[in-house]
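Look at the sequence and the model below, then read on. The paragraphs start at the surface and move on to the sheet.

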Amino acid sequence: MRFQDSNTQPKQPSLAEQRARRQALADEERNEELARQADAKAATRRKILIGSGVTVGLVGLVATFYTVAKTESVTAVCTDSNGVVQNDDYCDDTYVSSHGGYHSGGFLFLPIPGGGYNSYRYNYGGTGVIGQRVSGGSYDAPSARTNVTTKTGKSVQRGGFGISGKSGSGGSGKSGGS
């Protein structure tokens with residue numbers, strides 16, 4: 001019957017219909033609760049994901065800082081004007097001064113018996129033994145973050161030359177090439 005008269009009373013639902021309605025309401029409430037729990041779980045996941053991203057970013061930042069700030073080590077060898085490895089004392093400012101020598105522009109000058117001077121300077125990263133020509137390396141001072149030592153373990157200070165008042169690769173700290 002498609003049309004009911006306004007005087008007609010609706011029929012009471014049967015027991016099965018009542019049970020189905022109660023079940024539908026319970027299912028709806030359960031689904032709403034599950035949806036709330038899923039939303040809460042998703043929010044927690046988002047927070048964990050964001051926190052993990054921040055943590056990874058901070059770890060990366062700290063690792064980058066330590067990589068950049070880490071000092072490097074270079075071994076310096078004392079050479080004469082011909083690039084032949086000499087005793088480390090010849091490039092030591094104190095030794096040179098005590099033997100009547102002087103330093104200028106990255107070079108140390110020791111007097112030669114009979115007149116004149118021999119010049120000495122450090123080669124950074126080169127190898128060789130006393131009396132042989134230095135192999136590799138550079139005469140340019142390394143960066144200020146670099147720890148420079150001689151083969152004997154002596155630390156080379158002030159920009160790596162051990163003789164100039166400048167650090168790094170500017171001013172009188174540069175040797176001018178080889």
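**Surface, elements and sheet**

The protein exposes about 12400 Å², and 54% of that area is supplied by carbon and sulfur atoms; accessible areas come from the Shrake-Rupley method with a 1.4 Å probe, and for residues only the protein chains shown count as cover. This is a predicted model, in which local features need pLDDT of at least 70, side-chain atom pairs count only at pLDDT 80 or more, and totals for chains, interfaces and linings use all residues. Residues are numbered from 1 along each chain as its sequence is written, and side-chain values use heavy atoms, with hydrogens and water left out.

Of the 178 residues in the protein, 25% are buried (under 20% relative accessible area, with a 1.4 Å probe and protein chains only).

The protein has two helices and five strands, and along the sequence they follow the pattern α-β-α-β-β-β-β. Helices (H or I, at least four residues) and strands (E, at least two) are DSSP runs, numbered from the N terminus.

Strands of a sheet pair through backbone hydrogen bonds, either parallel or antiparallel. Here five strands form an open sheet in the order 2-3-4-1-5, with mixed pairing; two strands pair if DSSP finds at least two bridges between them. Strand 2 (102–104) and strand 5 (147–150) are the edge strands, each pairing on one side only.

How many bridges join strand 1 to strand 4? Five bridges join strand 1 (residues 73–80) to strand 4 (residues 117–124), and these two strands run antiparallel. V77 stands opposite N123 in strand 4.

Among contacts (heavy atoms within 4.5 Å) between residues at least 6 apart in sequence, 50% join residues at least 24 apart.

Technical notes:
Buried < 20%, exposed > 50% of the residue type's maximum accessible area, 1.4 Å probe, protein only.
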